[in-house]
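Here are a few friendly notes to read with the structure open beside you. Take them one point at a time, and look for each residue as it comes up.

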Amino acid sequence: MPRSGIRVIMDRAFRMPDCIRLEVGEPNFPTPPHVVDAATQAARDGRTRYTENPGIPELRTRIAEHFTRDTGRPTDASQVTITTGAVAALYTALMSITNPGDEVILTSPAWPNYLMQMKLLGIRPVAIPTTAETDYAPSISQLESAISGKTKAILLNTPSNPTGAVISNTTMAEIVDFARQADIYVVSDEVYDRMTFENPHVSAASHDTDGRVVCIHSFSKTYAMTGWRVGYAVAPPEIAQLIINCQEPTVSCVNAPAQYGAIAALDGPQDVVLQMRDAYRARRDEVLRLLSSSGIDAHKPGGAFYIWVDITDSGRSDMDFAMDLIDKRQVTVVPGSTFGPGNEGRIRISLATATTDLYEGVSRLVEEIKS
Ligand code: PLP
């Protein structure tokens, strides 16, 4: 298993406690208190035993209702599997729809865990390079060139980690239509769906007319619940049953109190979600201002909480630059090549960092690029 570049950076950062951490991909907000209360109460009430493998019925029903409302695709609770974070939803979904030797198309840059999971599952990844010109979405002609008789699925991520790009309604319709004609699945990682700044999020499921889209979601980012490990997959019925079957021998079920916390997150006030999103948008605008006033190019993210920064002016590779930035200025960022080959001229910074640290870290980043 190749090591993720982010771990290399984090290992060095652990030895420097005063580092400004711009590599972290988790909200700097606390889990809402009503979620903590509900989980605590569940534990006190003795709801501490195994639950049904695919999750407690109440939570699956709530999610199916939300999903039907948000995507327009009628969804039954039996199509929902509660998983140990989105990471497990993705893994069991990929496991369910592929055999070793199959191919899955994805875009580059992409979240590194996709390639790591595919390696574990014996899937051959076929990466399509994307750029800011197409807002980091694959074109249909690229998909046509990438497909083969072994292709089982296209893996999408909107809003994207690391670019923050949001797939538009038209592009999503074209991609799902392409998958329909090619008779392959779409696995759509939508963990940042509630964090869009201008254009609304479009789920791949909203264009699914014949049951070929598997959506991956999470409570981690939306409700600042990364450590609770609750995510879910929503799939067409026959795939949902396979996901449930695969989950049984691997994780059994998600921890019970955390699932009750997740119900409280869905049922409780949603203003926390909007407050976090608004905070990320304000930080995005300020960071883009700081970068552009120094002539540094960065992609304007339409969602999620990352900024994809061009460091070619530094004259160094992403890894050399990231190491210099830690050693000389005590700031951590993620080297672009972590998100796939061909991204050596970029680094990723996270907006999910307290503002004083964020703006100070970005100022030092600018100084290092210019040095
Ligand atoms: N998908 C993407 C694109 C992510 O960035 C992450 C976490 O960083 C995940 C999935 C995993 O989220 P979870 O905490 O729900 O496993």
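1. Let us begin with the lining of the largest cavity, where β5 is the biggest contributor, giving 3 residues. Please keep in mind throughout that this is a predicted model.

2. How many cavities of 30 Å³ or more does a search of the whole structure find? The search finds 1. The volume of the largest cavity is about 180 Å³. Its lining is made up of 19 residues, and Thr107, Pro109, Tyr136, Asn157 and Ser160 are the ones closest to the centre. Two elements, β3 (103–108) and β5 (151–157), each give two or more residues to this lining.

3. What kinds of residue line the largest cavity? The lining divides into 12 nonpolar, 6 polar and 1 charged. As background, empty space left between atoms shows up when a probe the size of a water molecule is rolled over them.

4. Now turn to the largest pocket, whose volume is about 670 Å³. There are 30 residues in the lining of this pocket, and those nearest its centre are Gly25, Trp111, Asn113, Asn161 and Lys221. Helices to find here are α1 (5–14), α4 and α5 (113–121), the elements that give two or more residues to the lining of the largest pocket. By class, the lining of the largest pocket has 14 nonpolar, 9 polar and 7 charged residues.

5. Where is the ligand? The ligand takes up the space of the largest pocket. Around the ligand are 14 residues, with Ala86, Asp189, Ser218, Ser220 and Lys221 coming nearest. Helix α4 (residues 85–97) supplies the largest share of this shell, 3 residues. The shell around the ligand holds 6 nonpolar, 5 polar and 3 charged residues.

6. For asparagine 161, an N or O atom of the side chain is 2.8 Å from a ligand oxygen atom. Arginine 229 also has a side-chain N or O atom 2.8 Å from an oxygen atom of the ligand. On its own the ligand has 400 Å² of accessible area, and the protein covers 92% of that.

Note on methods: Residues are numbered from 1 along each chain as its sequence is written. This is a predicted model: local features need pLDDT of at least 70, side-chain atom pairs count only at pLDDT 80 or more; totals for chains, interfaces and linings use all residues. Side-chain values use heavy atoms; hydrogens and water are left out. A residue is near a molecule or strand if one of its heavy atoms lies within 4 Å of it. A polar contact is a pair of N or O atoms within 3.5 Å; within protein, one must be able to donate a hydrogen and the other to accept it, and residues adjacent in sequence count only if both atoms are side-chain atoms. Accessible areas come from the Shrake-Rupley method with a 1.4 Å probe; for residues, only the protein chains shown count as cover. On a 1 Å grid over the protein atoms alone, a cavity is a set of points where a 1.4 Å probe fits but cannot get out, and a pocket is an open set with protein on both sides within 12 Å along at least five of seven lines; lining residues have an atom within 4 Å of a point. A molecule sits in a cavity or pocket if more than half of its atoms lie within 2 Å of its grid points. Helices (H or I, at least four residues) and strands (E, at least two) are DSSP runs, numbered from the N terminus. Ala, Val, Leu, Ile, Met, Phe, Trp, Tyr, Cys and Pro count as nonpolar, Asp, Glu, Lys and Arg as charged, and the others, Gly among them, as polar. Grid points are joined across faces, edges and corners, and a volume is the space filled by probe spheres set on the points.
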